[in-house]
Amino acid sequence: ALPKIAWIGLGIMGSPMSENLIKAGYDVTGFTLEREKLDRLAAAGGTAAGSIAEAVRDADVVITMVPASPQVEAIAYGPDGILENAGSGALLIDMSSITPQTSIDLAKAAKDKGIRVLDAPVSGGEAGAIEAVLSIMVGGGQADFDQAKPIFEALGKTVVLCGPHGSGQTVKAANQLIVAVNIQACAEAVVFLEKSGVDLKAALDVLNGGLAGSTVLTRKKDNFLGRDFKPGFRIDLHHKDMGIVTDAARNVGAALPVGAVVAQLVASLRAQGDGGLDHSALLRAVERLSGA
Ligand code: NAD
């Protein structure tokens with residue numbers, strides 16, 4: 001029989017991902033803070049739980065998809081948390097994007113309870129979650145990875161074990177650096193092209209066919225063209241991720257000169273009240289600098 005799944009955190013990513021597991025035949029019990037997301041899970045064929053303890057009690061595999069390290073710690077530790085209430089022998093897969101050190105500490109704490117842990121953050125955005133084509137970057141043990149592989153394959157397309165605990169998060173941090181810098185470059189090109197009076201749609205189409213083309217340009221083109229900044233991936237979350245990659249890079253002595261500047265621009269958007277917008281709103285920061 002397929003393992004029984006508990007899913008904690010049914011947001012922009014967690015809702016469609018958990019629904020893909022239901023479609024693949026898994027029995028999924030979920031818990032999250034918003035009532036309407038629990039109703040959505042039940043409507044999709046899952047079971048809504050009233051608490052984390054209730055959700056994880058009989059689960060073989062517990063999957064978490066919450067915003068950041070403090071939320072992972074809040075749902076994992078404490079009397080009502082996953083470690084106290086999941087059965088010994090359960091596998092905990094944290095798919096949130098958090099600091100590598102939080103993942104390492106969680107794996108150590110869980111081991112004392114007989115619970116195995118994988119860090120398995122994802123890339124591909126809401127569309128990748130809906131279409132089950134995410135890239136999944138995993139840290140942890142080979143045997144646990146092998147056990148989780150069928151679950152990952154129901155959620156994504158590119159699934160790679162990157163190394164020991166925390167490695168998945170380190171790779172995800174690099175992913176977020178590349179994405180932010182790429183969006184920033186596209187945003188600068190958009191403002192430059194518009195101020196130059198070139199047809200923007202035509203320009204982006206031809207750029208995307210050459211070396212300047214990217215998944216970012218493909219996925220965010222309509223956001224740029226329509227100034228549509230509905231998330232997607234919120235600036236608040238990318239701010240969190242730029243903090244993670246900046247700290248982790250400083251710890252190992254890697255320089256991120258361009259990443260540091262883009263991190264400042266992300267922070268400035270947030271400070272101006274745009275934290276709830278999609279990260280393609282970096283275009284707004286460039287427009288403000290350009291007086292547009
Ligand atoms: P979201 O804010 O839409 O969803 C987070 C969910 O976590 C919410 O449903 C909330 O109820 C739940 N939650 C928070 N605290 C909780 C608690 N104490 N108990 C139970 N549930 C709790 O966020 P999202 O966009 O789905 O992102 C989730 C994670 O995935 C983040 O780490 C993010 O960086 C990462 N991520 C997001 C995207 C994206 O495009 N949105 C892409 C890749 C990775």
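Modeller: Happy to! A nonpolar core here is a set of buried Ala, Val, Leu, Ile, Met, Phe, Trp, Tyr and Cys residues joined through C-beta atoms within 7 Å. Buried means that 20 or more other C-beta atoms, placed from the backbone, lie within 10 Å of a residue's own. This is a predicted model: local features need pLDDT of at least 70, side-chain atom pairs count only at pLDDT 80 or more, and totals for chains, interfaces and linings use all residues. Residues are numbered from 1 along each chain as its sequence is written.

Biologist: Which residues touch the most other members of the largest nonpolar core?

Modeller: Val62 and Leu92, in a core of 54 residues. Helix α8 (residues 142–155) gives the most to this core, five residues; helices are DSSP runs of H or I, at least four residues, numbered from the N terminus.

Biologist: And what is Leu92 in contact with?

Modeller: Beyond its neighbours within four places in sequence, Leu92 contacts Val62, Ile82, Ala86, Ala110, Ile115, Arg116 and Val117. Contact means C-beta atoms, placed from the backbone, within 7 Å.

Biologist: What does the second core include?

Modeller: That separate core has 28 residues, among them Ile235, Val262, Leu265 and Leu282.

Biologist: Switching to α14, which of its residues are buried?

Modeller: Leu282, Leu283, Arg284 and Ala285, in a helix spanning residues 282–289. Their cover includes α9 (167–195), α11 (215–226) and α13 (257–271).

Biologist: What comes just after α14?

Modeller: Gly291, with a positive phi of about 70°.

Terms used: Buried ≥ 20, exposed ≤ 12 C-beta atoms within 10 Å, placed from the backbone. Helix = DSSP H or I, 4+ residues; strand = E, 2+ residues; numbered from the N terminus. Contact = placed C-beta atoms within 7 Å.
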